[in-house]
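Have a go at each task before you read its solution.

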Amino acid sequence: MYSFSSNLQSLRLQTGGTPPSKSWSLCDTEKLLDEALATTLSGCQVLALDCEGDKLGQQGGTLSIISVRALLPPSSSPTTLLIDVITLTRSESLKRFFALIECESVQKIVYDGRMDFCAFFYECGVRMRNVLDLQLADILSRSARGQSIQTQNRRLHGYLDPSQVIRERSMYAQVHMLGGMASCLKDHALNATPKGSIDHQAWLRRPIHGKHLSYAAYDIELIELIYNAFQQRGYIQSSLSEQSERYITLWSDMQPQASENNLYRSHPLLPLEILVQGYPQDKECNGCKRKLSRGSFPPLGSRYCFVCHAVQANMTKKRRGRWNGGRY
Ligand SMILES: [Zn+2]
């Protein structure tokens with residue numbers, strides 16, 4: 001048990017030389033969460049947010065910890081709050097916190113919020129609103145940084161056979177590789193160590209080990225770092241809010257199952273018509289089952305959108321790799 005006001009935990013980040021001291025606080029009682037709502041979160045306008053859990057957002061998954069940090073107004077002693085959803089489930093204070101998640105006037109800053117949205121939506125009956133997704137801002141920044149179509153295509157080379165990308169260039173003009181947080185830090189020369197991996201089953205155990213709580217808090221600090229850098233560099237455009245809404249709600253028509261059962265939706269490519277919506281969206285893709293405009297499909301009547309075409313090409317590449325000795 002941690003006291004919210006006095007026992008702030010110190011988290012030291014390995015950020016290339018001098019690790020800054022950071023702090024987090026576990027909210028695992030109604031009293032602690034109510035105190036946080038009345039102090040740190042009161043009057044908050046911008047909130048960095050991330051969720052941890054086992055099979056987060058998927059059918060049969062469990063949301064365990066919600067990590068949040070108030071970014072605006074700025075605080076002289078910023079603290080990441082780690083809200084223990086499993087312990088506080090169905091409590092009145094958690095319901096009051098969920099009102100912030102649904103609140104249109106509190107902006108939530110996330111990095112790939114798709115599964116966070118699903119966890120809130122399907123497990124808690126809460127619809128996350130007013131979101132900026134930095135994973136999209138990263139993609140949008142590429143053209144602002146002068147990335148050519150050749151560089152865009154080159155990002156696909158690990159996922160696809162490079163010769164195929166070059167040969168069928170027109171098929172990949174709208175296909176963007178998503179960047180994880182580690183590649184985002186590297187691409188933007190942000191000096192922080194990417195987080196490591198963690199056994200997701202650990203999120204179900206109580207009490208949660210301190211190193212897992214530090215891990216959850218560290219994600220939030222990376223989100224804050226990227227957000228501040230993107231703001232300074234002009235990568236947060238007014239359209240990002242609308243684009244993020246389309247992105248995080250991708251699964252609002254059906255809850256994801258394990259990723260091997262969702263080959264056309266669980267992949268490292270940006271789904272189509274998130275950045276720019278086509279019109280009319282009257283053609284359903286046979287792969288991802290999304291309704292898209294005709295401009296998202298190859299000519300000659302293909303029933304698979306450009307992204308699903310790339311997913312099929314990746315499956316072919318993997319099959320060939322297996323035939324050629326298991327390396328691909
Ligand atoms: Zn598709």
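**Exercise 1. Find how far apart the centres of domain 1 and domain 2 are, and which parts of domain 1 touch domain 2.**

Solution. Keep in mind that this is a predicted model.
- Step 1: Taken over C-alpha atoms, the centres of domain 1 and domain 2 are separated by 29 Å.
- Step 2: At the contact, ten residues of domain 1 meet nine residues of domain 2.
- Step 3: On the domain 1 side, helix H5 (134–144) and helix H10 (240–248) each supply at least two residues.
- Step 4: H10 gives the most to this side, with three residues.
- Step 5: By type, the residues on this side of domain 1 are five nonpolar, four polar and one charged.

**Exercise 2. Work out where the buried residues of helix H1 (residues 30–38) lie around its axis.**

Solution. 
- Step 1: Pick out the buried residues of H1: Leu-32, Leu-33 and Ala-36.
- Step 2: Look down the axis of H1; these buried residues fall within an arc of 95 degrees, so they line one face of the helix.

**Exercise 3. Is Ala-189 buried or exposed?**

Solution. 
- Step 1: Locate Ala-189 in the loop between H8 and H9.
- Step 2: Check its backbone: phi of Ala-189 is near 50 degrees, a positive value in a residue other than glycine.
- Step 3: Count neighbours: Ala-189 has 7 C-beta neighbours inside 10 Å.
- Step 4: A residue with 12 or fewer is exposed, so Ala-189 counts as exposed.

Definitions and conventions
Residues are numbered from 1 along each chain as its sequence is written. This is a predicted model: local features need pLDDT of at least 70, side-chain atom pairs count only at pLDDT 80 or more; totals for chains, interfaces and linings use all residues. Domain bounds come from an automatic or database domain assignment. Two residues are in contact if their C-beta atoms, placed from the backbone, lie within 7 Å. Helices (H or I, at least four residues) and strands (E, at least two) are DSSP runs, numbered from the N terminus. Ala, Val, Leu, Ile, Met, Phe, Trp, Tyr, Cys and Pro count as nonpolar, Asp, Glu, Lys and Arg as charged, and the others, Gly among them, as polar. A residue is buried if 20 or more other C-beta atoms lie within 10 Å of its own, exposed if 12 or fewer, and partly exposed in between; C-beta atoms are placed from the backbone. The arc is that of the directions from the helix axis to the C-beta atoms.
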